[in-house]
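User: I would like to go through this model with you and ask, term by term, what each label rests on.

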Amino acid sequence: MKLENDPLAAFWMPFTANRAFKAAPRLLSSAKDMHYTSSDGRQVLDGTAGLWCVNAGHCRAPIVEAIRKTAGEMDFGPTFQLAHPLAFELATRLAALMPEPLDRIFFTNSGSESVDTALKIALAYQRARGEGTRTRLIGRERGYHGVGFGGISVGGIVNNRRQFGTLLTGVDHLPHTHDLAANAFTKGRPQHGAHLADDLERIVALHGAETIAAVIVEPMAGSTGVLIPPLGYLERLREICTRHGIVLIFDEVITAFGRLGGATAAEVLGVTPDIITMAKGLTNAAVPMGAVAVSRVIHDAVVEGGPDGIELFHGYTYSGHPLAAAAGIASLDLYRDEGLFERAADLSGYWQDAVHSLKGKPHVIDLRNLGIVAGIELEPRAGAAGKRAMELFHKCFDTGLLIRVTGDIVALSPPLILEKAHIDEMIGRIGDLLATVD
Ligand SMILES: Cc1ncc(COP(=O)(O)O)c(C=O)c1O
């Protein structure tokens, strides 16, 4: 094949405006702790932990070492009808971090795969307990559950759904919980919105509980702009699901591993679902890996209740991959040894004050925070939604700060090793640059 003379041409980049990027590329060459180094040699403070995933900071020596060592000992071992000890060790460590009774772990390679796995397990469970008519899956508007066909179907992002959302039928959606009129500039969890969970009763009345297998929500929606759960909302969702025999899945791909100041959002917010999906921080993003934690009741119904043979016809070649398992164990060690979940909780007050100091800055119409996450919502430019935040993104990157924008919302989720000085730098820079954006 004769290729054009352009080193950037072949890589079709994900979730990227390819033409614009390739006309003005931003390349990263290395990373250490709180910083990336750009290809032109600049230090860039990581305000997003990569993509909500490098919770212990970049290129941490114990994780690098664990991967290196395992690569020389066990490059790959199948986990279909065979296994190696590292996958069991990580599963046991992970189960110990989960809320009771979610102590059975299925490994995947990404958040999207974790979501599709969780949906399948919910369907398998309903069938195993003799409720096979329960096939409907309920998501939520503005939910992001990755890009598998299951995930986009229960997801609530129109651009992700409109071209591909027709394969999985039998889904419905709860309303999202974002209400600027009632909750703008709330510190922590908003007061208003618990009643939005009651919409599940409407959906049950419409379709019949006997057709509904599962509800999936992000306990805190990250990707569509940091939507913090209103006080009482998740509790109510839990209660309605329990009453109607519906499996409740928390998608914790972003919120697990310290982001909100504890091992899981379930623990921090005090609501236990039946299934938790994870990825990202599980390995500090050093090797791709996801996981699904399942309650003992669901696991046993599927695994103990069936005939002899394979109980769940599902799995990935790389489920429990040795390098990922080694990175996962080393990451959990690091989180524990450095107390990073507690550190996030301890810093969250300082973080909250810093984030809310942006009130009154140009264009800011809302500020929200939970754990070490912030959403800074800007007034969109008339007729040009998203352009204002994108301009801020470029200005931040050019001056040495990586932020993430979704529409006109800036999302911040730095590594949990950050110091107060990093918070001051991040928020100070954003405040200064907001004044330069029109
Ligand atoms: C809540 C949630 N679920 C699923 C995913 C998909 O994860 P991945 O990109 O690893 O497939 C994401 C990614 O950001 C996410 O935030």
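**Labels and their grounds**

User: Why is Ile63 called buried?

Analyst: Ile63 has 25 C-beta neighbours inside 10 Å, and a residue is called buried if 20 or more other C-beta atoms lie within 10 Å of its own, exposed if 12 or fewer, and partly exposed in between, with C-beta atoms placed from the backbone; Ile63 therefore counts as buried. This is a predicted model, in which local features need pLDDT of at least 70 and side-chain atom pairs count only at pLDDT 80 or more, while totals for chains, interfaces and linings use all residues. Residues are numbered from 1 along each chain as its sequence is written.

User: Where does Ile63 lie, and what does Ile63 touch?

Analyst: Ile63 lies in helix H3 (residues 61–73); helices (H or I, at least four residues) and strands (E, at least two) are DSSP runs, numbered from the N terminus. Leaving out residues up to four places away in sequence, Ile63 touches Asn284, Ala286, Ala327, Ala330, Ser331 and Leu334, where contact requires C-beta atoms, placed from the backbone, within 7 Å.

User: Is Asn284 buried or exposed, and how do you know?

Analyst: Asn284 has 29 other C-beta atoms within 10 Å, so Asn284 is buried. Asn284 is placed in the loop between strand S9 (275–278) and strand S10 (290–294), and has a positive phi of about 55 degrees although it is not a glycine.

User: What makes Phe15 count as buried or exposed?

Analyst: Phe15 has 9 C-beta neighbours inside 10 Å, and therefore counts as exposed. Phe15 is in the segment before helix H1 (18–23), and also has a positive phi, of about 40 degrees, although it is not a glycine.

User: What is the peptide bond from Glu100 to Pro101?

Analyst: The bond from Glu100 to Pro101 is cis, with omega near 5 degrees, and Pro101 is found in the loop between helix H4 (85–97) and strand S4 (104–108).

User: What makes up the largest nonpolar core?

Analyst: A nonpolar core is a set of buried Ala, Val, Leu, Ile, Met, Phe, Trp, Tyr and Cys residues joined through C-beta atoms within 7 Å, and the largest such set has 127 residues, with Val215 and Ile275 having the most contacts inside it. Helix H13 (residues 322–337) gives the most to this core, with 10 residues. The core draws at least three residues from each of domain 1 (18–56 + 339–434) and domain 2 (65–337), the domain bounds coming from an automatic or database domain assignment. Beyond its neighbours within four places in sequence, Ile275 is in contact with residues including Ala118, Ile121, Val247 and Val294.

User: How many residues does each domain give to the contact between domain 1 and domain 2?

Analyst: The C-alpha centres of domain 1 and domain 2 lie 26 Å apart, and the contact takes 32 residues from domain 1 and 29 residues from domain 2. On the side of domain 1 that touches domain 2, the largest share, 7 residues, comes from H14.

User: Why does the radius of gyration of the chain agree with a compact globule?

Analyst: The radius is taken over C-alpha atoms, and the globule rule is 2.2 Å times the number of residues to the power 0.38. With 438 residues, a compact globule would have a radius near 22 Å, and the chain has 22 Å, which agrees. Of these 438 residues, 48% count as buried.

Conventions. Two residues are in contact if their C-beta atoms, placed from the backbone, lie within 7 Å.
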